[in-house]
Amino acid sequence: MSAILCTYNRASLLGCALGALCAQTLGREQFEVIVIDDGSTDQTAAVAERFADLLRLRYAYQDNSGLAAAKNHGVCLARGEIVVFVDDDDVLDSRCLQAHYETHQRHPAVADAVLGFTGLAAGPGRSPLMRYVTEVGCQLFYYPHLKHDAKLDYSFFWGGRSSCKRRLLLEHGVFNPVFRFGAEDIELGYRLRSVGLRVIYNANAISYMMRTLSFDDFCRRCYLQGRSNQVFATLHPQREVQAWAQLKGIEAEWRLIEPRFDLLMQSGRKLDRFATERSRVDLPLDKLSTQLLHRAYAAAFTANRIRGSIDMQGEAPVSAGRSDAGIAA
């Protein structure tokens, strides 16, 4: 197996991610770790170097090119028959790689991929926002609706917690580098469905997100996701892609939202600050406050996603590039 970890200016988190890879129950001889540094200006290289003797680790630097290009770089360098994509702000449970490996042994078809479970580490788990986006609104993860061993479609080929046979990517397509953040995984999954991609969910392939996103962090994430959704829909005009990208009627929605956008953001920040402070001192929110908070989150995140899509519509058109083709092993 090859664990591909793409990172950018997160040296402070990278050590924890690599430390968790040192503790895997899967034998050290059975996996390698490939760190792709996407143009970091911090101590990322030095952190990777500290683990060079603890893991079968290879480090590669590239000019900042975005997540899709970094993943492709990792796939090209990988030597394992199975590639596992790992986020730089996640720590893997000690049995995570073992669970991915065992699932692939049970499902050896080239087009069978595996989705693992990502929960929240202790710090993020205290955040009302992080709990909302993972358990209620599901803007970040969709796990409350999944069952262990479920057979899922391309829309669950989630980067950072998925694995697949390297041969599938070499022969049938890699990530489209036009995507710098967001939708690069789903867009690839959509193309791979033509060769039978199937995603098996293993709830025992566990990782934990260790980074707490602020209200403005997540709004920015939603904005970037909206931009990527627009790119995805431009590349693939099929009806199901349009539905997934949530673009229907957004022009009319934005005309309603735009004059109220600053107020939505202001309200969301205030309610988030109130909820976060109460959580910090272990005081729960009452039912009405929780409802208001969740409505504010939903409104702000939707507004930022729509704004991102609208902004992207006004920019230069994108092309599919060469990502539909396979690459040489």
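This is a predicted model: local features need pLDDT of at least 70, side-chain atom pairs count only at pLDDT 80 or more; totals for chains, interfaces and linings use all residues.
How many of the nine residues of H8 are buried?

## Helix H8 and the basis of the model

Nine of the nine are buried, so H8 is largely enclosed by the rest of the structure. Buried here means under 20% relative accessible area, exposed means over 50%, and partly exposed lies in between (1.4 Å probe, protein chains only). Helices (H or I, at least four residues) and strands (E, at least two) are DSSP runs, numbered from the N terminus.

Residues are numbered from 1 along each chain as its sequence is written, and side-chain values use heavy atoms, with hydrogens and water left out.

## Asp-89 and its surroundings

Asp-89 sits in the loop between strand E4 (82–87) and strand E5 (90–92). With a relative accessible area of 5%, Asp-89 is buried. Apart from neighbours within four places in sequence, Asp-89 is in contact with Arg-10, Leu-13, Tyr-208, Met-209, Met-210 and Arg-211; contact means heavy atoms within 4.5 Å. The C-alpha atoms of Asp-89 and Thr-212 are 9.6 Å apart, although the two are 123 residues apart in sequence.

Arg-10 forms a salt bridge with Asp-89, and the closest N and O atoms are 3.6 Å apart. This pair links distant parts of the chain, 79 residues apart: Arg-10 is in the loop between strand E1 (2–7) and helix H1 (11–22), and Asp-89 is in the loop between E4 and E5. Arg-10 is partly exposed, with a relative accessible area of 24%. Asn-9 counts as partly exposed, at 28% relative accessibility.

## Other salt bridges

The structure holds 17 salt bridges, each defined as a side-chain nitrogen of Lys or Arg within 4 Å of a carboxyl oxygen of Asp or Glu. One of them joins Glu-102 to Arg-95, with the closest N and O atoms 3.5 Å apart. Glu-102 is partly exposed, at a relative accessible area of 29%, and Arg-95 is partly exposed at 40%.

Arg-193 forms a salt bridge with Glu-240, where the closest N and O atoms are 2.7 Å apart. The partners are 47 residues apart and link distant parts of the chain: Arg-193 is in the loop between helix H8 (184–192) and strand E9 (198–209), and Glu-240 is in helix H10 (residues 239–245). Arg-193 is partly exposed, with a relative accessible area of 37%; Glu-240 counts as partly exposed at 35%. Elsewhere, salt bridges that share partners join Arg-10, Asp-88, Asp-89 and Arg-211 into one network.

The loop between H10 and H11 holds Gln-246. Gln-246 is not a glycine, yet has a positive phi of about 55°. At 44% relative accessibility, Gln-246 counts as partly exposed.

## Helix H12

Helix H12 (residues 261–280) has 20 residues, which at 1.5 Å a residue should span 28 Å; its end C-alpha atoms are 28 Å apart, in agreement. The expected span is 1.5 Å times one less than the number of residues. The buried residues of H12 are Phe-261, Met-265, Gly-268, Asp-272, Ala-275 and Ser-279. Seen down the helix axis, these residues fall within an arc of 105°, so they line one face of H12. The arc is that of the directions from the helix axis to the C-beta atoms.

The buried residues of H12 pack against helix H6 (128–136), helix H9 (215–235), helix H11 (250–257) and helix H13 (287–313). On the face turned away from the buried side are the exposed residues Asp-262, Leu-263 and Arg-273. Asp-282, which follows H12, has a positive phi near 60°.

## The second largest pocket

The second largest pocket has a volume of about 160 Å³. Of the 14 residues that line this pocket, the closest to its centre are Pro-128, Arg-131, Leu-285, Leu-293 and His-294. H6, H12 and H13 are the elements that give two or more residues to the lining, and H6 gives the most, with five residues.

A pocket is found on a 1 Å grid over the protein atoms alone, as an open set of points where a 1.4 Å probe fits, with protein on both sides within 12 Å along at least five of seven lines; lining residues have an atom within 4 Å of a point. Grid points are joined across faces, edges and corners, and the volume is the space filled by probe spheres set on the points.
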